[in-house]
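Colleague: Could we go through this structure together? I would like to begin with the charged side chains.

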Amino acid sequence: MPERVLFTPAALGEPWGQQILQRLQSYNLPIEELPRNRLTGLRGESERETYDIAKRTLAVVTAPPSAFKLSPIPPSADWQFHIAEGCPAHCQYCYLAGSLQGPPVIRVFANLPQILENLAAYEQPDKATSYEVSCYTDPLGIEHLTGSLAECIRHFGTRERAYLRCVSKFDAVDNLLDIPHNGHTRFRMSVNAAPVSGRFEGGTASVLSRLMALRKLALPKERGGGGYPVGLVIAPIMLLDDWQSSYDRLFDQISEALNFDCDLTFELISHRFTPGSKEVLQTWYPQSKLDMDEEKRSVKRNKFGGTKYVYEADTMKALRRYFENEIQRRFPKAKILYWT
């Protein structure tokens, strides 16, 4: 629950913005109507204070024109689109660090119908097109305040060749179970070994709760579930002192939660960081024990000249071999979408 809610005039002028307003009023949250379409008062006297203020603030705004020009997002999906930006969780390895400009306030977009209508222009007429919703937030973490994820799932349920993908570290899925998704939304949970989730994933649901939520989503309708195609994103995979035993226990939990036939995929992402994200994260979480020692890493450069620090090649091979073998052994019908 945010401590402060801001509405821009443009957001209040949108029908979906009014729907969000009614939801927020039902929680008796303090709501401020801003005089102009600009967010102010989010900065503190230090970067850490700015982070604290922003993380406790929900701003309902309209998506800018740039949001209607979609970007590809391989290997996750063909395209990404955004219904919000900024995340309520406190993951100390946060992928958003260095990716978004300004304080990490949670911005929710009130012009959702236009955002969804725009997606049709990117559909391929002769093949399926996949869309990742809101890589810059956790849409389930704010769904009780917005209803926007459910609206996206309903929308994709009506499309013939368009498919939605979303991922979360939260567990409040009950309101999504009865939506007519028609198999066009794959709902994934991001999970990790206990030493990682317990130490570095503040403000999220426990891994066990996430897995139980995924079970509900995956169970057939006749068994009281949502009948969704589902997936697990194991990320960021970290080289713990006893990493194999820790991830063995995670796979035991997954096996117990998904002990029935379901449409299941895996995505495997090793831990990496950039110089920019490291600087931001150390400002946000100065006491963090997250290992970001460049001396222990290899440098990986992208085509734009950017730098990432990843595990050494031999370490990556060992990790990849373990995860692929374990998944093939335990979940022979599941598909591994990628390792990175």
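Modeller: A salt bridge here is a side-chain nitrogen of Lys or Arg within 4 Å of a carboxyl oxygen of Asp or Glu. This is a predicted model, in which local features need pLDDT of at least 70 and side-chain atom pairs count only at pLDDT 80 or more, while totals for chains, interfaces and linings use all residues. Residues are numbered from 1 along each chain as its sequence is written, and side-chain values use heavy atoms, with hydrogens and water left out.

Colleague: How many salt bridges does that rule give?

Modeller: The count comes to 20. One of them joins Arg161 to Glu160, with the closest N and O atoms 3.9 Å apart.

Colleague: Is Glu160 buried or exposed?

Modeller: Glu160 is exposed, at 62% relative accessibility, whereas Arg161 is partly exposed at 33%. Buried means under 20% relative accessible area, exposed over 50%, and partly exposed in between (1.4 Å probe, protein chains only).

Colleague: What about Asp252, which residue does it bridge to?

Modeller: Asp252 bridges to Arg330, the closest N and O atoms being 2.8 Å apart. Asp252 lies in helix H9 and Arg330 in helix H11 (residues 313-330), so the pair ties together parts 78 residues apart in sequence. Helices (H or I, at least four residues) and strands (E, at least two) are DSSP runs, numbered from the N terminus.

Colleague: How exposed is Arg330?

Modeller: Arg330 is partly exposed, with a relative accessible area of 22%.

Colleague: Changing topic, which residues form a network of salt bridges?

Modeller: Glu132, Arg165, Arg188 and Glu267 are linked in such a network.
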